[in-house]
Amino acid sequence: MFGKAKLRKPMILQSLNILNYKNIAEAHLDFSPRLNALVGKNGMGKTNVLDAIYYLAFCRSTSSMQDRHNVLHGEAAFMLDASLESDSGTTEQVVCSYTLNGQKRVARNGKALRRLSDHIGSLPLVMVSPQDVMLAEGGSEERRAFMDAAISQYSAHYLEALIRYERALKQRNALLKDETKEPDWTVVETLEDLMSADADVIYSGRKSFVEQFAPVFKELYFQLCDNETEAQVVDIALKSDGERGELRQILREWRQKERIVGHTLHGPHRDDLLLTLNTFPVKREGSQGQTKTYVIAMKLAQYLLLKRRQGGRTPLLLLDDIFDKLDRGRVGRIINFATQSPDLGQVFITDTNREHLDQLLEASGEGYKLFFVENGNVSS
């Protein structure tokens with residue numbers, strides 16, 4: 001899809017030990033290097049296994065903003081211990097742990113990391129789940145998070161700028177919101193200078209991402225949708241204050257109005273992705289099947305672009321209950337992509353429907369592992 005590139009051996013998650021994570025008290029899982037399927041009824045813990053893998057990559061859950069909510073009820077801590085085979089063939093260990101007293105620790109090969117941000121990108125990963133429909137139906141924060149999740153995995157420079165910008169934004173908003181006294185405008189100006197420099201990095205990163213991402217997305221949507229007509233009228237574009245020039249000047253022009261409302265109205269924290277189908281917003285124009293196909297194509301395109309930007313380093317792909325509300329044709333095309341695409345490496349997939357997974361495993365023609373999940377117990 002991207003032309004010739006240097007092939008690198010995929011990173012493989014060889015095994016995972018889970019202790020007191022969500023509803024899983026204890027589990028030891030040995031994985032297939034290609035395809036791993038988890039089957040079970042809703043609420044049994046299938047998604048929690050994928051969430052544990054996601055946590056290993058991002059040091060946070062897909063669903064819980066606070067780490068304390070990831071600890072099994074009645075326990076004081078959780079731990080995730082993974083063995084990985086790197087693309088160079090060496091074996092590495094990643095351990096993530098959290099205790100209810102607030103201690104969070106990430107260690108690689110026995111060495112604790114000083115900053116969690118240093119770990120982001122070392123285990124490249126994309127997860128596709130039913131919650132992704134919020135990319136189309138939710139607010140702009142969902143779409144910014146989508147861009148940030150990809151870019152941060154291949155650009156430490158971008159992630160550092162994003163962290164600094166959010167910190168300065170929070171400080172500026174606090175000064176603007178304080179009704180007890182007039183802000184120290186010298187401090188506000190210093191914060192604006194810092195925000196402007198980082199906003200340039202963020203805008204440049206997002207602009208480059210969307211320029212490369214949009215054509216890959218369109219091609220994938222064509223592969224997954226029913227006919228060529230659908231695929232010809234989808235588009236994704238970036239809407240950003242960065243298009244208006246230097247943020248510093250914009251902030252200074254709007255200071256007094258923002259003092260009245262008590263927060264910052266302009267900057268990359270207001271960026272958005274415009275998702276269109278037939279030139280209209282997809283949340284308004286798309287059917288349930290079209291919208292779900294749209295967001296699945298977005299996440300798979302995110303995966304392919306991440307692989308490209310990582311120099312051919314193949315990310316893990318997590319597919320959580322993605323077949324729900326899709327017709328047989330779309331299910332078949334996704335199964336074909338997941339089993340036949342040369343761009344994919346190790347895949348993890350969950351479903352309540354054993355028939356879907358049997359189709360997938362039969363079509364793979366390769367080694368696989370099937371896991372059964374019931375009440376937090378995982379067996380193979």
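Is asparagine 42 buried or exposed? Asparagine 42 counts as exposed, because its relative accessibility is 59%. The model behind this note is predicted. The points below go through it part by part.

1. **Asparagine 42.** Look for this residue in the loop between strand 3 (35-39) and helix 1 (46-58). In sequence, asparagine 42 and aspartate 351 are 309 residues apart. In space, their C-alpha atoms are 8.8 Å apart.

2. **Aspartate 321.** Aspartate 351 turns up again here, as one of the residues in contact with aspartate 321. Aspartate 321 sits in the loop between strand 12 (316-320) and helix 11 (328-340). This residue is buried, yet it has no salt bridge. The nearest side chain of opposite charge belongs to lysine 292, 6.3 Å away.

3. **Salt bridges.** Side chains of opposite charge can pair when their charged atoms come close. The structure holds 23 salt bridges.

4. **Lysine 104 and aspartate 67.** The closest N and O atoms of this salt bridge are 3.0 Å apart. Lysine 104 lies in strand 6, and aspartate 67 lies in the loop between helix 1 and strand 4 (77-85), so the pair ties together parts that are 37 residues apart in sequence. Lysine 104 counts as partly exposed, at 30% relative accessibility. Aspartate 67 is buried, with a relative accessible area of 14%.

5. **Aspartate 271 and arginine 206.** Here the closest N and O atoms are 2.9 Å apart. The pair links distant parts of the chain, 65 residues apart. Aspartate 271 is in the loop between helix 8 and strand 10, while arginine 206 is in helix 5. Both partners are buried.

6. **Aspartate 235 and lysine 218.** These side chains form a salt bridge at 3.3 Å, N to O. Aspartate 235 belongs to strand 9 (residues 234-239) and lysine 218 to helix 5, 17 residues apart. Aspartate 235 is partly exposed at 33% relative accessibility. Lysine 218 is partly exposed too, with a relative accessible area of 32%.

7. **A network of charges.** Some salt bridges share partners. They join Arg172, Glu189, Glu192, Asp193, Glu246, Arg248, Arg252, Arg255 and Glu258 into one network.

8. In soluble globular proteins, nonpolar side chains tend to be buried together. The largest nonpolar core in this model has 70 residues. Helix 5 (residues 185-224) gives the largest share, 13 residues. A second, separate core has 39 residues, including Tyr21, Val106, Val373 and Val378. Back in the largest core, Phe209, Phe213, Phe217, Tyr294, Met298 and Leu317 have the most contacts inside it.

9. **Phenylalanine 209 and helix 3.** Leaving aside neighbours within four places in sequence, phenylalanine 209 is in contact with Phe146, Met147, Ala150, Ile151, Tyr154 and Leu305. Among the buried residues of helix 3 are Phe146, Met147, Ala150, Ile151 and Tyr154. Helix 3 (residues 140-154) is mostly covered, with eleven of its 15 residues buried. From first C-alpha to last, helix 3 reaches 22 Å, close to the 21 Å expected at 1.5 Å a residue.

10. **Two asparagines with positive phi.** Phi of asparagine 109 is near 55 degrees, a positive value in a residue other than glycine. Asparagine 109 is in the loop between strand 6 (104-108) and strand 7 (111-112). Phi of asparagine 278 is also near 55 degrees. Asparagine 278 is in the loop between strand 10 (272-277) and strand 11 (280-281). At 32% relative accessibility, asparagine 278 counts as partly exposed.

11. **Cysteines.** The structure holds zero disulfides. For cysteine 59, the nearest cysteine sulfur is that of cysteine 96, 5.1 Å away. Cysteine 59 is buried, with a relative accessible area of 3%. Cysteine 225 is buried as well, at 4%.

12. **Tryptophan 254.** This residue is in the loop between helix 7 (247-253) and helix 8 (255-261). Tryptophan 254 is partly exposed, with a relative accessible area of 27%. Not counting residues up to four places away in sequence, tryptophan 254 touches Arg244, Leu265 and His266. The C-alpha atoms of tryptophan 254 and leucine 265 are separated by 8.2 Å, and the two residues are eleven apart along the chain.

Note on methods
Residues are numbered from 1 along each chain as its sequence is written. This is a predicted model: local features need pLDDT of at least 70, side-chain atom pairs count only at pLDDT 80 or more; totals for chains, interfaces and linings use all residues. Side-chain values use heavy atoms; hydrogens and water are left out. Helices (H or I, at least four residues) and strands (E, at least two) are DSSP runs, numbered from the N terminus. The expected span of a helix is 1.5 Å times one less than its number of residues. Buried means under 20% relative accessible area, exposed over 50%, partly exposed in between (1.4 Å probe, protein chains only). Lys and Arg count as positive and Asp and Glu as negative; His and the chain ends are not counted. A salt bridge is a side-chain nitrogen of Lys or Arg within 4 Å of a carboxyl oxygen of Asp or Glu. Contact means heavy atoms within 4.5 Å. A nonpolar core is a set of buried Ala, Val, Leu, Ile, Met, Phe, Trp, Tyr and Cys residues joined through side-chain atoms within 4.5 Å. A disulfide is a pair of cysteine sulfur atoms within 2.5 Å.
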